[in-house]
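I want to look up a few things here and jot them down as I go.

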Amino acid sequence: MAKPKVLIGYPVKDEIMEYVGEHCEIVPMDYSKAITYDDIYEKIDDVEGAVVLITPIDKKLLDKGRKLKVVSNITVGYNNFDIDAMKEAGVLGTHSPGILDDTVADFVMGLLISTARRITELNSFVKGGSWKKIENNHLMGLDVSGTRVGIIGMGRIGEEVARRCSLGFKMEVSYHNRSRKVEVEKEFGISYKPMDELLSESDFVILLTPLTDKTHHLMGDREFSLMKKNAILINASRGPVVDEKALIKALHEKRIAGAGLDVFEKEPIEEDNPLLQMDNVVLSPHIAAGTQRTYDDLAWNAARCMVRILEGEEPVNVIPEMRG
Amino acid sequence: MKRPKIFIANEIPKSVEEYIGQHCDYIMWDFSKRKTFQGILDHIGDVDGILEVGMKIDKNLLKHAPKLKVVSNISVGYNNYNIEDMKARGVLGTNTPGVLDNTVADLIMGLIISTGRRIVEADADTKAGNWKKGEMDKFFGKDIHHSTLGIIGMGRIGEALAKRANGFDMDIIYYNRTRKEDAEKRLGARYMEMDQVLKNADFLVVMTPLTEQTHHLIGEGELKKMKDDAFLINASRGPVVDEGALIEALQKGWIAGAGLDVYEKEPIDKNNPLLQMKNVVTLPHIGSATKKTRDEMGVVAARALVEVLEKGDSPYIVPELRKS
């Protein structure tokens, strides 16, 4: 029997390619440059399975890729999937939950401390030769330990962040989530709060919700005006959870003290985005999950999910909307 | 009774100044002017106490302050005290242990994450407009969670750091002159000989006070024992690390990077090669620099000064100068 044709839409390490190659016929791609939607569109015709990072899986692609049975996302977020179109075409989508939680939670804490203690700004200050006297009262930052942190979205990553804040930094942790998590409350001594209360009391607000119709622009003008003047916003979920224009306005008007952002409404971020000019904002190019080990684990998961489905085994890590 | 006279050499909060004013007469340095040795000598001819940060207190200075009884450091480190010279003159010295532990430990954790996960580098690159699609691996970093934290010098700050590291499930190993078995139990830290700590640590944090024994404690031999993907973090005192050897280690790839808040010479020289290195985070000695902590340190330092002048004793006198 002929092996099913598959497409690997992002470079993965050799062992993973070998594993997939044993079970499938891999469509050759040029991995020396970044692979685009168009590259994938061009080669999708006879493909039955695809591993992708954040490539949009939309009606146009599905109409051309008539043989597709499964698309496996390397990451945990899957807002690149047009779920209705995929359901209609009978294509399963899988993702990679549970693998990157610790790595993302580490990065969230890094963004939080870097913003509060002005680490990026002061590194530039020193490297740019501006450090000229020992007196440094003008370089003071905000305390992290012992402050109040509010986490919006208490999933697996939220739990890991809560653990670091509560056990490690003795922060008073509150959270807001669609459903209450009583066990997590007990384990880490954290408390549930209504959204507005959380916003108005927290020194740090951390966004960890998935992007859905309901969370789109969850943080806007009204929400920023509720936050404390010396509070810091951390976003490592998805860009559009924040109304970026409202955030920029809040930062300009000093209604909040700063922000640590790993995600943006448009990625890569545009060169004329005012956020690029702000010293009190720490920016990173969507790398919260970015360590080699975590990326390899994610890619392994995506490859295995795809191969299982193509070989007719019980599917795993199918996105919740397509289960059952 | 005649009120004692104080020279205030560094900026302190208004409330602390008022407290001192209730107990002493005082003169303060004009902070719009650059501090010079001669300028300081002009102020100390008839003072009983000095409140300062990092001012070298040796016989050279003491001979110009015949009435001096006490010097109060607004810092926990007191390597600026020449203990022998102060003993010979019967001048007491105080410091501010305890109040800054959490603030310093927060920053060290920030240095660990921002070097390991390359936050500073990623922020600078993103702000320069260099983020391009499909380059996810450009800023792949080292995982913090489940990595090995090596602490050399397990004092209060070392313990505060270990507590934070527990939140990240780090494996904690340490070396100290004396074993701290209660800390081992509380924090799950394991004692090892210095060589073993050097060889096993993914993140090596130097946390010893600066003494003759710890001067250049980390030199070429020590850096060569470290793993080539390990990071050195120093937020204690610059001369604990042989900076020439560190620069060589970074240039030759003996270690992966460094996070530094302190240097052999401060402010750092403009032509120091560390300033050119992307894998080095350089901060301007801000370990304790948050408003809350600086205010508390000012309060403790002022109280210690007044205690010595009014009662002849204070719990904040440094161990080497205590009356047995």
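This is a predicted model: local features need pLDDT of at least 70, side-chain atom pairs count only at pLDDT 80 or more; totals for chains, interfaces and linings use all residues.

**Entry: B:Thr208**

I started with B:Thr208 and asked which residues it is in contact with, leaving aside neighbours within four places in sequence. I got B:Ile152, B:Gly153, B:Thr214, B:Leu217, B:Ser236 and B:Val240. Next I checked where B:Thr208 sits: it is in the loop of chain B that runs between strand S9 (203-206) and helix H10 (220-225). Buried or exposed, then, is B:Thr208? Its relative accessibility is 10%, and the cut-off for buried is under 20%, so I put B:Thr208 down as buried.

**Entry: B:Ile83**

Then I went to B:Ile83, which belongs to helix H4 (residues 83-89) of chain B. With a relative accessible area of 15%, B:Ile83 is buried too, because that value falls under 20%. Not counting residues up to four places away in sequence, I found B:Ile83 touching B:Tyr78, B:Val318, B:Glu320 and B:Leu321. I also looked up a distance: B:His64 and B:Ile83 are 19 residues apart in sequence, and their C-alpha atoms are 17 Å apart in space.

**Entry: chain B against chain A**

On to the interface. I have 65 residues of chain A in contact with 68 residues of chain B. About 5,700 Å² is buried between the two chains, and carbon and sulfur atoms give 60% of that area. Which residues of chain B lose the most area to chain A? They are B:Arg117, B:Trp131 and B:Met136, together 14% of what the chain B side buries.

**Entry: chain A overall**

I count 12 helices and 12 strands in chain A. The C-alpha trace spans about 75 × 50 × 35 Å along its principal axes. Why do I call the radius of gyration of chain A, 22 Å, in line with a compact globule? Because a compact globule of 324 residues would come out near 20 Å, and 22 Å agrees with that.

Of those 324 residues, 59% count as buried. For contacts in chain A between residues at least 6 apart in sequence, I noted that 61% join residues at least 24 apart. The accessible surface of chain A is about 13,900 Å², with 49% of it belonging to carbon and sulfur atoms. I looked at charges as well: chain A has 41 positive and 52 negative ones, and their mean positions are 3 Å apart.

Key
Residues are numbered from 1 along each chain as its sequence is written. Chains are lettered from A and ligands numbered from 1 in the order in which they are written. Side-chain values use heavy atoms; hydrogens and water are left out. Helices (H or I, at least four residues) and strands (E, at least two) are DSSP runs, numbered from the N terminus. The radius of gyration is taken over C-alpha atoms; the globule rule is 2.2 Å times the number of residues to the power 0.38. Buried means under 20% relative accessible area, exposed over 50%, partly exposed in between (1.4 Å probe, protein chains only). Contact means heavy atoms within 4.5 Å. Accessible areas come from the Shrake-Rupley method with a 1.4 Å probe; for residues, only the protein chains shown count as cover. Lys and Arg count as positive and Asp and Glu as negative; His and the chain ends are not counted. The place of a charge is taken as NZ of Lys, CZ of Arg, CG of Asp or CD of Glu. Buried area is the accessible area (1.4 Å probe) that two parts lose on being put together, summed over both.
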